[in-house]
Amino acid sequence: MKKMTKMTTMHWMTKELKALQLKAQNDNIPILSNDGLLFLVETIKRKKASSVLEIGTATGFSAIAIALLTGVTVTSVERDEVRYLEAVNNVKAFGLEDKITLILKDALEIDIQETFDCLFIDAAKAQYEKFFNKFEPNVSKNGFIITDNLNFHNLDINKVSRSTRHLIKRLTSFKAFLKDNQAFDTTFSDIGDGMSVSERIQK
Ligand SMILES: C[S@@+](CC[C@H](N)C(=O)[O-])C[C@H]1O[C@@H](n2cnc3c(N)ncnc32)[C@H](O)[C@@H]1O
């Protein structure tokens, strides 16, 4: 298992992206941190990915930022209709309708045939393993899977509510699942709220 280092700062945040980020933060909608986003963007560029499947659109901040900063196409799934509709408006406002496809559906109930170079999992934390297993077949031969929030804000398991303790346990079990997975080589990082990159092992 390799350990990754922190990203260098870049001037990438446009006024429009900042407004989108602030609106989500003011509405208490959890979105990817700047560090996490830059890490994701750099990984997509480094690995020359051309398409991303994102699980968890929220209002479209990460999908829009990824499309703007890398030029790749993004398909993103969201189950909350209010957030989905806001994302649709945001994608239009950025003129990215040809780059971003938004799907309103519970990701665990969807059937996607297409293949993507990158799968980005950023939805319900308790379901990460299910998302991984369900969408892993949609990841191309040289593709990779990125997950966020693996550190879950470094909360102390002894000082949180029962439901949060349950989530922390599920994330711990997901990390063990990634480490044991023979089909993927996973690298863990403390960037953002704890991210992993799982690269398909070539046979
Ligand atoms: C952390 S937010 C996504 C943030 C977004 N990726 C960003 O950084 O701008 C997680 C989103 O996943 C959605 N979600 C949770 N479980 C889901 C599921 N099973 N299918 C689709 N969306 C789901 C939630 O409604 C929420 O809007």
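This is a predicted model: local features need pLDDT of at least 70, side-chain atom pairs count only at pLDDT 80 or more; totals for chains, interfaces and linings use all residues.
Residues are numbered from 1 along each chain as its sequence is written.

Let's start with the chain. It holds six helices and seven strands; here helices (H or I, at least four residues) and strands (E, at least two) are DSSP runs, numbered from the N terminus. Read from the N terminus on, the elements go α-α-β-α-β-α-β-β-α-β-α-β-β. The radius of gyration, taken over C-alpha atoms, is 16 Å, close to the 17 Å that the globule rule gives for 203 residues, so the chain is as compact as a globular protein of that length. That rule is 2.2 Å times the number of residues to the power 0.38. Along the principal axes, the C-alpha atoms fill a box of roughly 45 × 40 × 40 Å.

Now for the sheet. Seven strands form an open sheet with mixed pairing, in the order S3-S2-S1-S4-S5-S7-S6; two strands pair if DSSP finds at least two bridges between them. At the edges are strand S3 (100-104) and strand S6 (184-189), each of which pairs on one side only. Strand S1 (residues 51-55) and strand S2 (residues 73-78) run parallel and are joined by five bridges. Within that pair, Ile-55 has Val-77 in S2 as its bridge partner.

Helix H2 (residues 34-46) lies across S1, strand S4 (116-121), strand S5 (139-147), S6 and strand S7 (195-200), and runs at about 15° to S7. Contact means C-beta atoms, placed from the backbone, within 7 Å; axes are lines fitted to C-alpha atoms, for helices over the stretch in contact, with angles from 0 to 180 degrees between N-to-C directions.

What surrounds the ligand? There are 19 residues around it, and the closest are Leu-32, Gly-56, Phe-61, Ser-62 and Ala-107; a residue counts as near if its C-beta atom, placed from the backbone, lies within 6 Å. Helix H3 (61-70) and S2 each supply at least two residues of this shell.

Finally, look at Phe-177, which lies in helix H6 (residues 162-180).

Key. Two residues are in contact if their C-beta atoms, placed from the backbone, lie within 7 Å.
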